[in-house]
Amino acid sequence: MSQKLFNLTGKTALVTGGTHGLGMAIATGLAEAGASIVINDIFEDKLVTATEQYKAIGIDVKAYLFDVTKEEQVKDYLDKIGKEIGPIDILVNNAGIIKRIPMLELSVDEFREVVDIDLVGPFIMSKYTVANFMKPRKSGKIINMCSMMSELGRNSVAAYAAAKGGLKMLTRNMATEWAKYNIQINGIGPGYFATAQTAPIRTEGHPFNEFIINRTPAARWGDPDDLKGTAIFLASAASDFVNGQVVYVDGGILATIGKPHNEE
Ligand code: NAP
Ligand code: GCO
């Protein structure tokens, strides 16, 4: 009985920015649970490389070149995906960027670019995926990639924190408006994970690297595969009455005030 609850056979999942990092780990987890996978990215070469990497582990992904912030592109490609593959059952709004610049040096354009990709992108993707597929079929799952910065501030990442804080509330409002169509919209809030995005602050000897290992009760950086279970839960029938929630997968960061360096 329980396994059936997490089985995604017959479902199609679109993972934005699924060419590497957390997006690739989540797409792989959903495929391992039976889903067919569609990914997108803004660089053709990354789509080609990722398609080969997925193939090497037995996953046949369908890859599309479009930008989540471009409304007309999103509408056109969702139509194309609908005709070529069929309806999207699961949407993972994973695509995102970060800029680490103190606010007094951060330009308005840089602020807007981060908010556009990390907050407006999920709105555009979700609006047309719900309108095209999920509302007419009275069924669907949306997972928004939130962050520690959906809850906490940090020096130099203001635009990112504003976007991820907004994404938590957008998740709640999507649930408010779309739950009646049997669509479940929830978020995943990863702690600090080892990906290309965090590579600049995770180098050996970098003060932030030491800080995170000490600040995280699990005393390590997250491995992208640590997100698979939560993603499968939020994409499956197991979460049919879970809506508007953010599940934090952070090794305990949000549970604690932290501890002094020399304390066991
Ligand atoms: P990543 O390695 O930088 O991957 C981000 C993905 O988004 C890449 O595939 C990127 O494509 C794609 N992307 C960026 N802009 C796009 C656009 N306009 N349209 C379509 N795709 C676009 O980052 P990650 O660490 O895997 O993070 C994935 C998500 O989790 C992000 O939303 C991030 O904020 C969030 N997150 C990460 C962590 C962490 O510790 N790593 C923790 C919490 C939350 P290109 O590579 O081609 O640019
Ligand atoms: C940073 C990191 C974080 C992580 C993540 C934490 O510079 O603080 O990049 O933003 O990516 O979002 O949950």
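Me: Is α8 mostly covered or mostly open, and how many of its residues are buried?
Reply: Mostly covered. Six of the eight residues in α8 are buried. Keep in mind that this is a predicted model.

Me: Which ones are buried?
Reply: Lys228, Thr230, Ala231, Ile232, Leu234 and Ala235.

Me: What do they pack against?
Reply: The buried residues of α8 pack against α2, β4, β5, β6 and β7 (246-249).

Me: Take Leu30. What does it touch, leaving out residues up to four places away in sequence?
Reply: Leu30 touches Leu8, Ala13, Val15, Ala35, Ile37, Ile90, Val92, Ala231, Ile232 and Ala235. Of these, Ala231, Ile232 and Ala235 are also among the buried residues of α8.

Me: Switching to helices. How do α4 and α5 cross?
Reply: The axes of α4 (residues 71-84) and α5 (residues 108-137) come within 10 Å and cross at roughly 35°. The crossing is right-handed.

Me: Which residues meet there?
Reply: From α4, Glu71, Val74, Lys75, Leu78, Asp79 and Gly82. From α5, Ile124, Met125, Tyr128, Thr129, Asn132 and Phe133.

Me: How many of those are nonpolar, polar and charged?
Reply: The contact of α4 with α5 has six nonpolar, three polar and three charged residues.

Me: Now aromatics. How many pairs?
Reply: Five aromatic pairs. One of them joins Phe208 and Phe211. That pair is tilted, at 5.5 Å centre to centre with 45° between the planes.

Me: Where do Phe208 and Phe211 lie?
Reply: Both lie in helix α7. They are three residues apart, about one turn of the helix.

Me: Are they buried or exposed?
Reply: Phe208 counts as buried because its relative accessibility is 12%, and the cut-off for buried is under 20%. Phe211 is partly exposed, with a relative accessible area of 38%.

Me: Which residues make up their aromatic cluster?
Reply: Tyr192, Phe208, Phe211 and Trp221 form one cluster.

Me: Where is Thr195, and what does it touch?
Reply: Thr195 is in the loop between β6 (183-190) and α7 (207-215). Leaving out residues up to four places away in sequence, Thr195 touches Gly21, Leu22, Arg202 and Pro224.

Me: Why does Thr195 count as buried?
Reply: Because its relative accessibility is 14%.

Me: Last topic, backbone. Which non-glycine residues have a positive phi?
Reply: Ser156 is one of them, with a phi of about 80°. Ala219 has a positive phi too, of about 55°. Most residues other than glycine have a negative phi.

Me: Where do Ser156 and Ala219 sit?
Reply: Ser156 is in the loop between β5 and α6 (158-178). Ala219 is in the loop between α7 and α8.

Me: How accessible are they?
Reply: Ser156 is partly exposed at 21% relative accessibility. Ala219 is partly exposed at 45%.

Key: Residues numbered from 1 in each chain as written. Chains lettered and ligands numbered in written order. Predicted model: local features only at pLDDT ≥ 70, side-chain atom pairs only at ≥ 80, totals over all residues. Heavy atoms only, no water. Contact = heavy atoms within 4.5 Å. Axes fitted to C-alpha atoms, helices over the stretch in contact; angles between N-to-C directions. Helix = DSSP H or I, 4+ residues; strand = E, 2+ residues; numbered from the N terminus. Left-handed = near helix turned anticlockwise from the far one by under 90°. Nonpolar A, V, L, I, M, F, W, Y, C, P; charged D, E, K, R; others polar. Buried < 20%, exposed > 50% of the residue type's maximum accessible area, 1.4 Å probe, protein only. Phe/Tyr/Trp six-rings, centres within 6.5 Å; stacked < 30°, edge-to-face > 60°.
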